[in-house]
Amino acid sequence: MKLEAFLYLSVFLFASGLTIILVKKNAVLVLIGIELILNSANLNLVAFSKFDPSISGQMFAIFSIVLAAGEIAIGLAILINVYKSYLTTNVGEIDHLKH
Amino acid sequence: MALTFLPIIGGIIAYGVKKEWCLQVNAIFVFVSLLGAFGLIGLVHDESFIASRQWVDHYTLQINVDRLAALLITLVYFIAFLVLVFSVHYMRGEDGVRRYGLKLGFFISSMVGLLIADSFILLFLFWELVGFSSFLLIGYWYYDKDKAQSAKQSFMINRVADAFLLVGIILLMIKGDQSMSEIKEPLDFSTGLFLVFGAFGKSAQLPFSGWLPKAMAGPTPVSALIHAATMVTAGVYLLIRLSPFIPEPLKFIIAIIGAGTAFYAAFSALAQYDIKSVLAYSTISQLGYMMIGIGVGATSSAAFHLWTHAFFKAGLFMSAGSVIIYMHHVFGHQYDSQDMRNMGGLKRFLPATFIVHTICSLSLAGLPFFSGFMSKGGILAGSVHWAQSYGDMGFIWAYFVPVLAFLTALLTPIYIGRQLFLVYWNKTNLPIWITGFNQSLWVKLPIFLLAIFSVWIFFGLNPLDSNGWYLKDYVLAGVEVITVPFKVTVISEIAAALLVIVGLLIAYFIYGRGVVFSIDQKRNFFIQFAHQGWFLSTSYQAISTSYLAICQSLAKIDERIIDHSIDLFAITMVMLSRSMGWMDRFIVDGIVGFSAKFASTMGTVLSRLQSRGIQSQILYLLILLTGIISWILFL
């Protein structure tokens, strides 16, 4: 397959993830969006590694997935704390620095 | 020096003495001074007496007594003594006798001081003092408003003339001369003009002559002393002293003004009803003669006339005083005791006074065998000779002077004859009278003495010779005088004598045969004109009132304009400040408000940008990022 196809897919994923972040009101859904963006980045890496003699891309992708997992865990932890303060998960409503 | 101050000291001492004797004390002091004056004549016979003293840095005060001064001092003391003797009776019963004595003493001292003064500062000082003391004396009856007013007016006119004198003196002193004996060269015309005008004021020439008739408001002995013999001759004295140094054109002016004054006064004297007014105008006229003498160059004749005039004029005033005493005695204050229309036929009641008055009048008129003839003749001859010399040069206006002088010589016997006939002759106009009135000895003696001195013997041996004065060369030794050719002298003397006789006859025919006056006699214009002294003082009055009116109206205009402009100014200020206030409120506040609103709007807008939700912020971030990257990549 051509490289561009993978890149197109990756761009599409990135764009949707961005759209979800920007549009969706639910905090969990925003996290899903972030995940989606990370995944698009991983897909980009792997795609480039297919057409490359070294497999450094794939190696990097594995590390990236692990980091993504850890980061989501932290994100969820923050979300729980925010929910404790604001008592809502609607990101649109969290617009004061202080509460 | 002590001679000067004796009279004033006498006056002060006499103030403290009891009322009846105070004038006698004054008289004693003056008599002593008189003796001293005789001694003074002897002292300065050969050489004049000069004493000087350093005053301040550059000024010395100097007195100079030469023969002329010593002679005049003696004259002053003599007449003053006679006046005091006369006043003993005249002022009897007056409350302010002590004040009178003091003022007289002050006056006599000032006059003597004037005569001895050499430095101009001293001269001016005594000049002013004489004027001031004469004001005090004229205003003796100060509680009478009219009299006080007259005194004020006479003093004021005098002062104006004194201002001229002061200017002249200052001009002289700038040039460097400080005293009269220091002047060596002829004066500038302008300096001389000022000095001459100052002398005119004291000697009552036109235009300053308004004060003398007014000064008759004082007591008669005062008039006798001041206005016959002493103060009015101060001006003449000054000019005689300065005469060698007065430039020719100025002398011309002096002669013309003197002639004009003489004529003016004689004309006015014709229509006066008050005894003393006639004599006052007569004094002005005779002073005019003296001025003619000086202007014409006949200085010795002028001095001679001064000398003789003192005697007969004082005699005339005092006999008039004697008449007034009589009238007072008869009438009290019912009728005006000085009005000649109330008199007539007094020779029955006052025989001694009549004789004296007649003698002095004839001397005034200038009848031969009397002193007046000799002195006046000299002046007349001098004026003719002078006019001839000018006429030879083709300047015939100079003939005005002798023409006027001779005309006045005609008018003089007319007015004085008129006075004689009205007062003494014919049937009396008095409604009541007293016979057997014995005039007091105090009065008779002085006037007899003066009458005697009006006769020719004491002045020159030849009664018809006007150059024959004993003292002619004595007095003005060293001063050049013109000599008049004999032919001119004779002609003018004959003419003068004829005029006198004609004048007396005219007076006799008009007045000597019983004229009845009604008090509101029809006054034709000429009589009014002459009576008011050619309206001289009235015109002065008019000038001063109109000037006052002009000043007042100007002041009102001024006020209005000033008020107006102040109002305008205030209004402008208010308008200005209001507009500034408006500008301040509207513009400045507007700007401030606007910027505040702007800041707050911007703040609101921008903060709204910032305080949106997270998602919008992320969106903005992304857009910005894209912009930056594309900028880096494509620019």
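Which pattern does chain A follow, read along the sequence? The pattern is α-α-α. Chain A has three helices and zero strands. Helices here are DSSP runs of H or I with at least four residues, strands are E runs of at least two, and both are numbered from the N terminus.

Some ground rules. This is a predicted model: local features need pLDDT of at least 70, side-chain atom pairs count only at pLDDT 80 or more, and totals for chains, interfaces and linings use all residues. Residues are numbered from 1 along each chain as its sequence is written, while chains are lettered from A and ligands numbered from 1 in the order in which they are written.

Stay with chain A. Of its 99 residues, 11% count as buried. Buried means 20 or more other C-beta atoms within 10 Å of the residue's own; exposed means 12 or fewer; partly exposed is in between; C-beta atoms are placed from the backbone. Take F48(A), in helix α2 (residues 27-50) of chain A. F48(A) has 18 other C-beta atoms within 10 Å, so it is partly exposed. F48(A) sits 45 residues from L3(A) in sequence, yet their C-alpha atoms are 7.5 Å apart.

Next, the interface. Six residues of chain A are in contact with seven residues of chain B. Contact means C-beta atoms, placed from the backbone, within 7 Å. The chain A side has four nonpolar, one polar and one charged residues. Nonpolar covers Ala, Val, Leu, Ile, Met, Phe, Trp, Tyr, Cys and Pro; charged covers Asp, Glu, Lys and Arg; the others, Gly among them, are polar.

Now chain B. The largest nonpolar core has 173 residues. Such a core is a set of buried Ala, Val, Leu, Ile, Met, Phe, Trp, Tyr and Cys residues joined through C-beta atoms within 7 Å. Among those with the most contacts inside it are V76(B), F81(B) and I292(B). Helix α3 (residues 67-90) of chain B gives the most, with 20 residues. Domain 1 (1-246) and domain 2 (248-514) of chain B both contribute, so the core lies between them. Those bounds come from an automatic or database domain assignment. A80(B) is also on the list of most contacts. Beyond neighbours within four places in sequence, A80(B) touches V30(B), I108(B) and L225(B).

Last, a helix pair. Helix α5 (residues 120-138) and helix α6 (residues 145-175) of chain B pack at about 175 degrees, axes 10 Å apart. Axes are lines fitted to C-alpha atoms, for helices over the stretch in contact; angles run from 0 to 180 degrees between N-to-C directions. So α5(B) is roughly antiparallel to α6(B), a label for angles over 145 degrees. The contact residues divide into twelve nonpolar, four polar and two charged.

Notes. Two residues are in contact if their C-beta atoms, placed from the backbone, lie within 7 Å. Angles under 35 degrees count as roughly parallel, over 145 as roughly antiparallel, 65 to 115 as roughly perpendicular and the rest as oblique.
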